[in-house]
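Colleague: I am new to this structure and would like a close look at a single part of it. Could you pick a spot and walk me through it?

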Amino acid sequence: MNRKLFLPLGLLLTLCACGQAPAEAKTSQLFAMDTVMDLTVYTEADSLMEDAARLVSRLERSLSTTDSHSEIYKANTTGSAALTDSTSQLLDRALGFCEKTDGALDLSIYPVVRDWGFTTDSYQIPSQSELSSLLQNVDYTRIIYSSDQKTVSLPQGMEIDLGSVAKGYTSDRLIQLFRENGVASALLNLGGNVHTLGTKPDGSLWRIGIQDPLGDSYLGVLSTADQAVITSGGYERFFEGEDGTVYWHIIDPKTGYPAKNGLISATAIGSEGVYCDALSTALFIMGPEKAIAFWREHQDFEAILVSEEKEVFISPGLAGSFQLTEGSPYHLTVIGHD
Ligand code: ADP
Ligand code: MG
């Protein structure tokens, strides 16, 4: 063998192997947006984890309903606010989702959520007259938003909250940051909102456990890559009233009461966290029939819907990738296209 040729080739092979070796996993845990966020990112760059933490706290500071520096706080307390690019972009998308879900998602539900005590954990069952009076100011179509000027104005008495979409938007922004910095593999868990970038470093799919809404274990496992997997459920934040009824934090804007329309959890899966976050909340509110009809109409996401009757409805695109836990008491049905 020609030694001159062999050496450089040997070096080249070594270099290539180094270049392709999977990056090391960096993990970090943040507490933001009232939840624990776990980030696992395959990267050599320590600074990227710091950039991620900064991005999350910047978004939280803009979107919080309680931080007096936030744009949403300003809009809620003074009736109008100038918005940063991120908040403007999120508000724009969120208003679109309110419309697309026919008002199941309504950003102006905030005063009702607060009256139930879900913002402070001092729970109470509001009176019917209190709810009726608060509901008079719940109507997202009256939010005045200018995408050109990046401003929002609210009618007297209205307050808004982007909590139903904030974590999904945040995971989109984190995935974008990681992708732009050459990361090929990451797993983000923002308080149960999962978002994956690429596959696992070995090329296999991520296996995401979907919470059993009636128990502590998993309903089933989803194999996925490059997707957001976002669940809304009544089990996430709730209290038991003196009347023995369980009340949860997802409110039906039609009634002002926690949505009890037949679903106990709704999971939306797709490439965009913000859309899946909006959908998981909205589908939960719609109940099984309307949620299935919504899926049939749009078909731009995948869904796992769990009913009170222990029926699990999945969209056909998940038939090969979602598996119920063995011995599960649930019954699985694949939604037909029409
Ligand atoms: P979580 O944030 O607990 O993961 P969701 O994404 O489903 O769950 O968002 C629930 C939050 O959205 C509630 O805590 C409340 O602040 C807000 N919310 C409740 N009902 C509605 C609604 N109909 N439209 C918009 N936001 C809502
Ligand atoms: Mg949501």
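Modeller: Happy to! A residue is called buried when its relative accessible area is under 20%, exposed when over 50%, and partly exposed in between (1.4 Å probe, protein chains only). A salt bridge is a side-chain nitrogen of Lys or Arg within 4 Å of a carboxyl oxygen of Asp or Glu; Lys and Arg count as positive, Asp and Glu as negative, while His and the chain ends are not counted. This is a predicted model, in which local features need pLDDT of at least 70 and side-chain atom pairs count only at pLDDT 80 or more, whereas totals for chains, interfaces and linings use all residues. Residues are numbered from 1 along each chain as its sequence is written, chains are lettered from A and ligands numbered from 1 in the order in which they are written, and side-chain values use heavy atoms, leaving out hydrogens and water.

Now to Asp-115, which sits in helix α5, residues 110–115 (helices are DSSP runs of H or I with at least four residues, and strands are E runs of at least two, numbered from the N terminus). Asp-115 is buried, yet it has no salt bridge. The nearest side chain of opposite charge belongs to Arg-114, 7.1 Å away. What does Asp-115 touch, not counting residues up to four places away in sequence? Its contacts (heavy atoms within 4.5 Å) are Gln-124, Pro-126, Glu-130 and Leu-134.

Ser-164, in the loop between β5 (151–153) and α7 (166–180), and Asp-277, in helix α8 (residues 273–286), are 113 residues apart, so the pair links distant parts of the chain.
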